[in-house]
Amino acid sequence: MKIQVDGRKARGEKRREEIIAAALRVIERDGVAGVTHRTVAAEAGVPTASTTYHFSSLDDLLIATLISCARDMATEVYWMIDRARSRGSRGAEEVAGLLAEALGPRRGRTMAEYELYLLAARKPELRPAARRWLDVLTSMVRHDDEVAFRVFLAGIDGLLIQGLIDDEPPSAEELRPVVDYLLKPR
């Protein structure tokens with residue numbers, strides 16, 4: 001039996017993902033304040049009617065962008081954990097590498113993700129999407145000590161925020177001792 005694919009639905013989903021990717025690029029370039037249906041449509045190369053069709057409000061678009069970022073981060077963290085486990089590592093080298101990448105070549109995206117994440121403090125409708133970050137990480141990592149795990153996550157957030165305001169991004173080698181300390185069994 002051949003499965004019938006609805007081409008319109010597939011094209012609509014593809015367009016929706018293109019709009020989300022464009023919104024993230026606008027946030028990277030101009031911050032959340034630069035996000036309008038017009039700016040995102042121009043970035044995506046689609047008519048403004050397309051952005052308003054898929055996202056009736058800017059909050060809907062920002063929520064979808066935040067969820068997309070959380071999904072991408074979950075995929076990245078999953079593979080990082082897999083690499084660490086396959087090497088019999090506690091993950092310090094892998095986490096330090098991921099942080100260095102986030103603060104170096106992917107600095108703009110990291111800044112955009114944090115801006116979206118912090119926007120949830122002002123906009124309660126974004127909070128469930130922002131909490132998905134923690135939910136995803138918590139569900140992926142085995143941890144016996146809830147307090148130690150929260151300290152680890154807070155430490156990682158702190159390293160990222162500090163790294164974003166540094167003039168030069170820290171290297172994986174510079175981050176490794178701090179990550180080692182955060183991962184130290186208590």
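Q: What makes up residues 36–55, in helix and in strand?
A: Over this stretch the chain is 75% helix and 0% strand. A helix is a DSSP run of H or I with at least four residues, a strand a run of E with at least two, and they are numbered from the N terminus. The end C-alpha atoms of residues 36–55 are 11 Å apart. This is a predicted model: local features need pLDDT of at least 70, side-chain atom pairs count only at pLDDT 80 or more, and totals for chains, interfaces and linings use all residues. Residues are numbered from 1 along each chain as its sequence is written, and side-chain values use heavy atoms, leaving out hydrogens and water.

Q: Where does the name "DNA-binding region" for residues 36–55 come from?
A: It comes from a UniProt annotation in an unreviewed entry. Such annotations may be inferred rather than shown by experiment; feature names are shortened, and positions follow the numbering used here.

Q: How many helices and strands does the chain have?
A: There are nine helices and zero strands. From the N terminus on, the order reads α-α-α-α-α-α-α-α-α.

Q: Why is Thr 65 called buried?
A: Buried means under 20% relative accessible area, exposed over 50%, and partly exposed in between (1.4 Å probe, protein chains only). Thr 65 has 1% relative accessibility, so it counts as buried. Thr 65 lies in helix H4, residues 58–86. Across the chain, buried residues make up 37% of the 186 residues.

Q: Why is Ala 10 called partly exposed?
A: Ala 10 has 40% relative accessibility, so it counts as partly exposed. Ala 10 sits in helix H1, residues 7–30.

Q: How far apart are the C-alpha atoms of Ala 10 and Ala 92?
A: They are separated by 40 Å. Along the chain, these residues are 82 residues apart.
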